Amino acid sequence: MLRSQEMSLFQLIMPRESAWAVMDQLGYMGKVEIIDHDPSIPLIARPFANYIKRCDDLLNKLNLLIETAQKLTILKQFQISNKTNNKMCPKIHTHQYLDTLEDQINAKVNSFLELNRNHEQLLEQQGIIIDQLDILQECRIYLGDDFFVSRDSKFDYFIGTMKQEEIYQFQRMIFRVTKGNAFVHIKLQNQKAIYIVMYPDQGVILKKKLQKVQESMSLNRFTLPINLKEFDKIQNDLTVKLKEIKQLIELTNIQLNSFIQELLKQTEGIRLIDHYNMYISKEKQLYIQLNKLKMQGNLFLGELWIPKKDSVQLNEVLLIVKERNRDIPGCQISQKVPQTIPPTYFLLNEFTSVFQQIVNTYGIARYREINPALFTIITFPFLFGIMFGDIGHGFCLLIFGIYNIFYKLEPFYELRYLIVLMGFFSFYCGWIYNDFVSLSLNLFGSCYVVDGQLTPIKPQDCTYPFGLDPIWGDNLEFDDSFKMKLSVIIAYFHMCLGICLSGCNFLNKKDTYGFCCKFLPQILFLTSTIGYMDFLIIFKWVVQFSPQNAPSIINTMITMVLSFGSVEGPPMWNVNSQELIQSILIIIAVVSIPWMWFSHIIKGYQVYQRRSNVKIQNSTSSIEGSQVIELQLQSIQDETQQEKSLLQTHDHNDLSPDEEFTELVVHETIETIEFVLGVISNTASYLRLWALSLAHSQLADVFYSLILSSPMTEGSIIGALLRYPIWALVSFGVLMCMDTMECFLHSLRLHWVEFQNKFYKGDGVEFHVYSL
Amino acid sequence: MDLCVFGVDDGYAEAIIRGLRASFLSEAQYQQMKNCASIPELKSFLEETDYQNCLQADNPQIPTSILRQRLKKKLADEFEYIEAQSTGTLTKYLFHLRCRFMIDNVVNMIEGLKNKIDIEILLSNIDPLGWFPEIKNIKVLEGDDYSSLYRDVLIDTPIGVYFMKFLEESIENLHENRTLNDIQNLFREMKPEYIRTSLKKMWLEDFYSFCESELMATSQEVLLELLKFEADFKTIQVIYNSIGNRDLNTAAKIITTRKQLCPTIGNLYPDCEKLYLQAMTLDTLREAVKGCDNYRDLLKDAPDPLKREEFNVQTKTLDDIMYDDECRRYALAFDGQGSYGVFYAYLKLKEQEIRNIIWLAEMISRKLAKNHPGWKKIIIPFSHLGK
């Protein structure tokens, strides 16, 4: 957790025949990352593109099947279960299984769709017959029996059904075409409209035109029977037909149902359809990984990352593959020296992952760099707690977090441990501040005695056991000064931790030069300025001053910087020794600035000079001297290799030495300025701890005094009961929701900016494990 | 001022359009498309792009006509979504945009029916952008009786207005004592292409006046400029195509036809009208439009219309030149902020993209050699901006 796993690079060479089996096993091992040999190749150009496409097609087909089944309401609330149960797949050790599965699925899907199509056709036929029956009935009612008896009228008719939304359009069209000489009767039925159009029989042109209108708009068209006898006959025929079709529909429904049941049948605890889905998704993943390998003739060449401690397992897995498939040639594996920076891989559990996520959002740690997530686990909730400190609110948050651990509450479930710790620390800080929803608790008995005097008297030997004495409860000035000083002290220690971690990073890289010239001056600078101020704060807390003689810390600091360590006004202790100490600190601070600024520039300059010297020598050297120079060159190259690693932070390896050197100068200058100014501005930034915790307590106070305090002091129970819900809602909305969010964000900022900029590079590459 | 309030009503729609900017194919993607060896390969390439969903259900050996239909359907769906999200003026504006496609559809239907093509095929080939429910009723068209077509069907449709105006104008142009027979003759002889051009001219003029009267200042500035150029292009195209046209044998006839077809807006109208109406060769046309520098440059490279028979796939026709110039303008309009020009430009650029894909698909299906000049004939949207 402190540093990322050490990774080793292996080269994998395997023949085409065993590629599938090897990748299969590697996937189940779930410890390696396959390196894509050329990410710029589009998917189509890769060797297994068609396999992936096949898998996609099959998955789509399965989805289609499920969707149609759901539409038919055969299948309700179906969900493809995720990879919860993956036991069945490892047993299958041939890639031909995909082919068999493909055939199976295709056959199944096709026959299912065929059935479904039949079903739909039948339904459609049923619809037409029902329409026809409806229309016949309607005609009889509307036109009357007489119409069918004697049909010598000068009118012509046509009848049919159409969509309901086209009624008005239809009516308008008929009106226009016949110039108003037609009568349209429309009846709404079963989401359709039945129409009967009567128009004078005036010749062929009109009839043809109307027919075209009818053709373009109606769903179905029918003709009227000539007489009543035929009418009855048709009606009877239709009813019989309808019955038949209904039976057929019933039958296909049963078939469809049994089909789906077959898919849902469980074998070895897995439904067939899930088995399909799982296997195909797995296969797709496998081919995606296989695609990353380079193909040379019949061989696959690939490189993979694996955590060093797991590399033994890798060989075991490959041995297993060999044993299982004796008839095919095995694969070879060999360790390689990595040319690129290995990926960053942390072993995480459900507790640490959320904190790692906080850090990763800022940037993935560089390989083997110290991982701030480990410290974040405590410091993050702690800084949050300082801002959110309140016994009541913190307790609510704590309870909410604990509830979340036991009962899943979806959007917060991932954050559960973070919330618990945040709740705990705000609860704890609440006790320190002695602040319960803006009230001070007097649990242990205040040490001060209020005797009607202006200033309460405090007995010498009495100390309040835990947290602030409740007498300070609503004294804003005291709170103010206490929280401000507290946040400055925390600022120093938090930043100090950051710088020390950068020191550890230097030591880990065995970069003593960096350790001496970066870490040492930085920590000295910080300590001699902010550290000294913190010392003064604590000193002033501990030692008692009479009000007239109390020295001001701000003034002390200002005069110390402006007039070289001299003391103005009352001294902290002895004037002489304080001045001596202060001037020493000033000297340390001033010296450390050029120390951290120029040290790397000087080193870089030496490298630059040596390299340009080599060039000159190289160009002027004669033939006999060439050997010597070559040797020289080699040694220098070795050295420059080291320098390169130093310069690598800037990632400008392709630049010429001139440019590289100017880059270095600019970089170092900026970094130094940033650090020196940062010490001041970052410390100021930590004052947000003070501001937010003050805001929190003041808001709570305001809500309490505005809403709840007046009925409580008056003793009106009804008033209190009525106002309580308002107070609770406002407290929940503003303090528990908004303020939690705000404190979270500020805590996040303090970690990302003020803490991590001291040491964290965050330019690593994440390790993407290949796992089936 | 209108920049401040633009977002109130139209911000969401504009934001969606801006998001869709990412869906345009890049130059590298075009390059990869050119490397595709067959239609299935092209299809699987397109499935990696934004066109993924609209192609998935199809057979790999997709015919170009269906491919075009699918691509257009996607564009139409996007446009419909935006239309549904719009309010007030923007809705009206977007509707105006769709009218252009409706005109195309109606004329295509008329043309198809005249050539006795089955209505189902025609209906399946209509541009989804210009679909409206009444379109299937065009079937009622009997012979060349456009007036009854208008009276029975198109009167309800959004483009009925243009059709009416068109009919009125064509009847007015006949001599004084016209008979019913004259009118019928007139329509019988009328070519669908002529109807299309006239209708589009009217649409353009109408759209122009809509933009002028109803839109806010920033939108006006962008759109009127674009529409002026479009009108000018139309004018030049009409003149250009009528040079040496065999159907128009007398000079007087050419001039009246031109007068009817040329839009009465744009930079060329009315200053250069006299000149261009009488231009009978490419050189005189060049002379006529020289007032605008840009147009002279455009026409400089245009092939001579009198040698029309010699044109082949390699010729960079006037259309190609104009598409190229338009594309540049639309890309600029697309990148402008707070104007309705984005929607117009988006539609135009996407059309160009679809044209490109279809062109490439044609090239691929004909298995033309990779050094064939036709491969260079695509105009990539936004490629002008980098230069």
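1. Contact here means heavy atoms within 4.5 Å. On that basis, 21 residues of chain B touch 17 residues of chain A. This is a predicted model, in which local features need pLDDT of at least 70 and side-chain atom pairs count only at pLDDT 80 or more, while totals for chains, interfaces and linings use all residues. Side-chain values use heavy atoms, with hydrogens and water left out.

2. The two chains, B and A, bury about 1,700 Å² between them, 48% of it on carbon and sulfur atoms. Buried area is the accessible area (1.4 Å probe) that two parts lose on being put together, summed over both.

3. One salt bridge is counted between chain B and chain A, the criterion being a side-chain nitrogen of Lys or Arg within 4 Å of a carboxyl oxygen of Asp or Glu. Lys53(A) pairs with Glu47(B) in a salt bridge, with 3.6 Å between the closest N and O atoms. On the side of chain B that touches chain A, α3 (39-46) and α8 (146-152) of chain B each supply at least two residues.

4. Chain B contains 18 helices and zero strands; these are DSSP runs numbered from the N terminus (helices H or I, at least four residues; strands E, at least two). Of its 387 residues, 52% count as buried, that is, under 20% relative accessible area (1.4 Å probe, protein chains only).

5. In chain A, helix α3 (residues 96-143) has 48 residues and, at 1.5 Å a residue, should span 70 Å; its end C-alpha atoms are 69 Å apart, which agrees. The expected span is 1.5 Å times one less than the number of residues. Gly144(A), which follows α3(A), has a positive phi, near 85°.

Key: Residues numbered from 1 in each chain as written. Chains lettered and ligands numbered in written order. Buried < 20%, exposed > 50% of the residue type's maximum accessible area, 1.4 Å probe, protein only.
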